[in-house]
Amino acid sequence: MTTEPVLAAVDDDTAPLTHHQLRELYTLMAAVRHLDTAAVAWQRQGIIPGYAPELGQEAAQVGSGYAVDRAKDFVFPTYREMGVARAMGLDMVGYMSTHKATWHGGMYNPLESRFAPIQAVVAGSVLHAVGWAHGQSLSSRSTDERGVAITYFGDGASSQGDVHEAMNFAAVMKAPVVFFIQNNGWAISVPTERQVAGGSVAARASGYGIPSLQVDGNDVVAVYEATRSALAHCRAGHGPVVIEAMTYRRGPHSTADDPGRYRTLEEERLDAGEDPLERFKQRLLADGVADEAFFAEARRMAEEEEETVRAGIADLGPRPGAEMFSMVFQEPTPALQSQATAWREESEHV
Amino acid sequence: MSETATQTRSHNNYTEPAAANDIQQLSMQQALNRALDEVLAQNPKTVIFGEDCGRLGGVFRITDGLQAKHGEDRVFDTPLAESGILGMSVGLAMAGFHPIPEVQFDGFAYPAINQIVCQIARMNYRSRGTLPMPITLRVPSFGGIRAPEHHGESLEALFAHVPGLKVVSPSTPHDAYHLLKYAATRQDPVIFMEPKSRYWQKGPVDFTAAAPGAAAHDDEPTNHGSLTGARVAREGRHLTMVAWGAMVARCLQVAELAAEDGIDVEVLDLRWLKPIDAEALARSVGKTRRAVVVHEAPLTSGLGAEVAQLITQSCFATLKAPVERVTGFDVPYPSGDLEDEYIPNIDRILFGIQRVLEYRRG
């Protein structure tokens, strides 16, 4: 299935979001919340073997993904960026196929969707974003056409040496890259205070001379505005930006995880703060941007989408085994070709 | 051949203009430099970078003069971080560039191993072929220059074991020039292992040869003498020595000594360590019926084992003796004073030849 692409970032950097855009943000968040909750259920039902929920990070993901200019920019995700993918209008069956164990990187086209293959190495793609961004500096003739890379990672990944190398490279080269950290409080079982020295990830940016900001990651409008201004900063040729969106991983690390071993329900309740979806709903109601009929319709659409994606996922058969061989190289080696032939003869008896 | 290659560059890299039937005596350093110069001129998407590659021209001067000629956007210095260099290469390749990064010394590929093995080697696969990685990673390789620790490693077995990588090592200035130009124009990642002890020896580079067989037989790895296959460096009848990189010159030296005793040795320069030209091995050893593999890397799980298996597979019925391996030892690469004890020397290779020739069944 395909989903309708959402509006690209507005041209005017400081224009407030229109009511239509605010409602669109809510619709996206509702769809993401619904799909995320459903994916956990699919795992329990045996439809998919595993999933890494982003429950509680809808505002951080949708708000930032919504700011991306899909004609110019490029997103470098980890394995927990379903909300960004949805906000950018990815083919969600293609995205979810990685959790169906159909293909590691997902079945969507990364070039067309401006969304790099799903990355399972923590901090693995942060440097890729810097390289891609430097490529924009090398090939852009004007600031208008310069694409910006936005790389997603978490408080856990921030401990990796590659993040240091990436920030230093980006600062030295003034690469147009946004380092978007979702600090969700937990790297599987290890809390931020046992992970991040120096107070915050954003605090490190000053060591590289990179402007940084911490944003309330559960406020979708704040996240959108921070991301939009960071993208504009990069596009104008001023170099990289660090955004640390403070949020909370309300669910387990993955469907194989048991948070009860490292945090209590009471701690979860106290630390999670306000639900970003409910919070945004109350704001829209209070501001007269949306009414109950709108929220009911958003829910209905989310349920419909969930069913479409579920059906698409359930229908995904295994890829042909020949793809194990044919996708390795652009120009396959003779040795690999003969392995493919032997495999076919011995497994398919042809 | 490119016009740009005819321009004068800084100090030691001046090369005479190329003409028809042009054969020049160049060092491997000059040949590599010239190949990079031409690739930069021919493909505006080619970028060269690494530690000290720009203004300095690299610690081995392989990129000498290239930044001055092609500009700082095309040839640039990076901060001193190998994972950063290789990770950046991935992103540049995703953006449509053809990166030619340099790792300053073989041992410094280790800090970048995640980016090489998990990223460069897999991105084409992960992306289902939509994000090819046309990256040529230049690695000054092997020992023989009395260097400090980590400056003389032989990583070919490690790289060859990684799905998604191709590995090549030239042994002559001619091959260095043609193989680098070939690798740098492919769509798959190639680990280009330069035998640093051979950087300064001169040899003929035939520019007009345009790499025999290359144009017509790009995808024909068994084509004798083609860029994608092995090369018979010396023909012989009694046994085949298989080598690559700096060990080819040593084997040729040994072959001359053996000839004095009436032993006619064939030397097969493997060139490609992945894919290995199995048909060239079969052809050569099928004729000589005896083989000795020589490499600098440690013995255990070295590429010699792979070569021996390929030979056994194709030549088992006619082999006169088990395939011998003369290699480095299963020890960390030693300090310069012990280097000559570690790298296969003439005596050890001659003993290997003797074992193969004197082998009797039962």
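Predicted model: local features only at pLDDT ≥ 70, side-chain atom pairs only at ≥ 80, totals over all residues.
In what order do the five strands of the open sheet in chain A stand, and with what pairing?

Select the strands of the open sheet in chain A, and you can follow them in the order E1-E2-E3-E7-E6, with parallel pairing. At the edges stand strand E1 (74-76) and strand E6 (212-216) of chain A, each with a single partner strand, so one side of each has no neighbour in the sheet. If you look along the sheet, neighbouring strands are turned by 20 degrees against each other on average, when direction is ignored.

Next, select residues 149-154 and 177-183 of chain A, which are strands E2 and E3, and which pair in the parallel sense over six bridges. Within this pair, A:Ile150 can be found opposite A:Val178 in E3(A).

**Stop two: two helices of chain A**

Now select helix H1 (residues 19-45) and helix H11 (residues 276-286) of chain A, which pack at an angle of about 155 degrees with their axes 10 Å apart. Because the angle is over 145 degrees, H1(A) is roughly antiparallel to H11(A), and the crossing of the two is left-handed.

To see where they meet, show the side chains of A:Leu22, A:Tyr26, A:Met29, A:Ala30 and A:Arg33 in H1(A), together with A:Leu277, A:Phe280, A:Lys281 and A:Leu284 in H11(A). The residues of this contact divide into seven nonpolar, no polar and two charged.

**Stop three: A:Val221**

Staying in chain A, select A:Val221, which lies in helix H9 (residues 220-235). Is this residue buried, exposed or partly exposed? A:Val221 counts as partly exposed because it has 17 C-beta neighbours inside 10 Å. Apart from its neighbours within four places in sequence, A:Val221 is in contact with A:Leu17 and A:Gly63. If you also select A:Val62, which is 159 residues away along the chain, you will find its C-alpha atom separated by 9.6 Å from that of A:Val221.

**Stop four: helix H7 of chain B**

Move to chain B and select helix H7 (residues 173-183), which is mostly covered, with eleven of its eleven residues buried. Among the elements that these buried residues pack against are strand E1 (23-27), helix H1 (28-42) and strand E5 (136-141) of chain B.

With H1(B) also selected, you can see that the axes of H1(B) and H7(B) come within 8 Å and cross at roughly 20 degrees. The two helices are therefore roughly parallel to each other, and their crossing is right-handed. Residues that meet here include B:Ala31, B:Leu32 and B:Arg34 in H1(B), and B:Ala176, B:Tyr177 and B:Lys181 in H7(B). The contact as a whole divides into ten nonpolar, no polar and three charged residues.

**Last stop: where the chains touch**

Finally, display both chains and look at the contact between them, which takes 36 residues from chain B and 35 residues from chain A. On the side of chain B that touches chain A, the elements that give two or more residues are helix H3 (82-94), helix H4 (113-120) and helix H5 (123-126) of chain B. The largest share of that side, nine residues, comes from H3(B). The residues of the side of chain B that touches chain A divide into 15 nonpolar, 15 polar and six charged.

Key:
Residues numbered from 1 in each chain as written. Chains lettered and ligands numbered in written order. Buried ≥ 20, exposed ≤ 12 C-beta atoms within 10 Å, placed from the backbone. Helix = DSSP H or I, 4+ residues; strand = E, 2+ residues; numbered from the N terminus. Contact = placed C-beta atoms within 7 Å. Nonpolar A, V, L, I, M, F, W, Y, C, P; charged D, E, K, R; others polar. Pairing = 2+ DSSP bridges. Axes fitted to C-alpha atoms, helices over the stretch in contact; angles between N-to-C directions. Parallel < 35°, antiparallel > 145°, perpendicular 65-115°, else oblique. Left-handed = near helix turned anticlockwise from the far one by under 90°.
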